[in-house]
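Hi,

Here is the model I promised to pass on.

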Amino acid sequence: MEQQTILIVDDDREIVRVIAKILELEGYRTLKAYDGLEALDMLVGNVVHLIMIDIMMPKMDGITMMNMLREEGCAARCIVLTAHSDFEYARGALLFGADDYLLKPFRDQELTHAVARVCRRMQPVSAAPAPKEKEPEATGYVRQAMDYIAGHYADENISIATIAEHLCVSEGH
């Protein structure tokens, strides 16, 4: 199987460095960009399977970049990174085809699980069913949050805070 390449786009160089190190230890090839314009330039001549995009960046924000990618027919999967707990940012990213999003700060395990989930969706489907992989144990809240989001997606006042309140957990959880 081909080594998957992940483009990490964030204006915080330390975040890019740390994410790249974690993903390289997991066996991924990484490319690094520090704003949306630089990332678009890097996509020329590079095969990229997954793009991790920060929403708030100088020169070109992540939502604008995702919109441009989709308009140009880019099929790379996307995971959005955001420090904003306001769900409007994540909702905008999901509307432009983000496969997942991570709320900063996130744990290494959250990062690697999100990347693995998205990369599994890239795998070609065979005629025989693949053996089912065991999902991480502590995902009960994730499933409940996804169900809540699905039921309240159109609500104008949905936010990380309202989801956390519904689940009786802290916003950082």
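This is a predicted model: local features need pLDDT of at least 70, side-chain atom pairs count only at pLDDT 80 or more; totals for chains, interfaces and linings use all residues.

What covers the buried residues of H2? The cover includes E1, E2, E3 and H3. Helices (H or I, at least four residues) and strands (E, at least two) are DSSP runs numbered from the N terminus, and buried means under 20% relative accessible area, exposed over 50%, partly exposed in between (1.4 Å probe, protein chains only).

Residues are numbered from 1 along each chain as its sequence is written, and side-chain values use heavy atoms, with hydrogens and water left out.

Back to H2. Its buried residues are Gly-36, Ala-39, Leu-40 and Leu-43. Seen down the axis of H2, they fall within an arc of 100 degrees (taken from the directions from the helix axis to the C-beta atoms), so they line one face of the helix.

Now the sheet. It is open, with five strands in the order E2-E1-E3-E4-E5 and parallel pairing; two strands pair if DSSP finds at least two bridges between them. E2 and E5 (100-103) sit at the edges with a single partner strand each, so one side of each has no neighbour in the sheet. On average, neighbouring strands are turned by 20 degrees against each other, direction ignored. (Axes are lines fitted to C-alpha atoms, for helices over the stretch in contact, and angles run from 0 to 180 degrees between N-to-C directions.) E3 and E4 pair in the parallel sense over five bridges, and Met-52 stands opposite Ile-79 in E4.

As for the inside, a nonpolar core here is a set of buried Ala, Val, Leu, Ile, Met, Phe, Trp, Tyr and Cys residues joined through side-chain atoms within 4.5 Å. The largest one has 29 residues, of which Leu-7, Val-9, Ile-51, Ile-53 and Met-65 touch the most other members. H3 (62-71) is among the elements that each supply at least two residues, and H3 gives the most, with four. Apart from this core lies another, of 20 residues, including Ala-20 and Leu-50.

Finally, the cysteines. There are zero disulfides, counting a pair of cysteine sulfur atoms within 2.5 Å as one. The sulfur of Cys-74 is 6.6 Å from the closest cysteine sulfur, in Cys-78, which is too far for a bond.

Cheers

Methods. Contact means heavy atoms within 4.5 Å.
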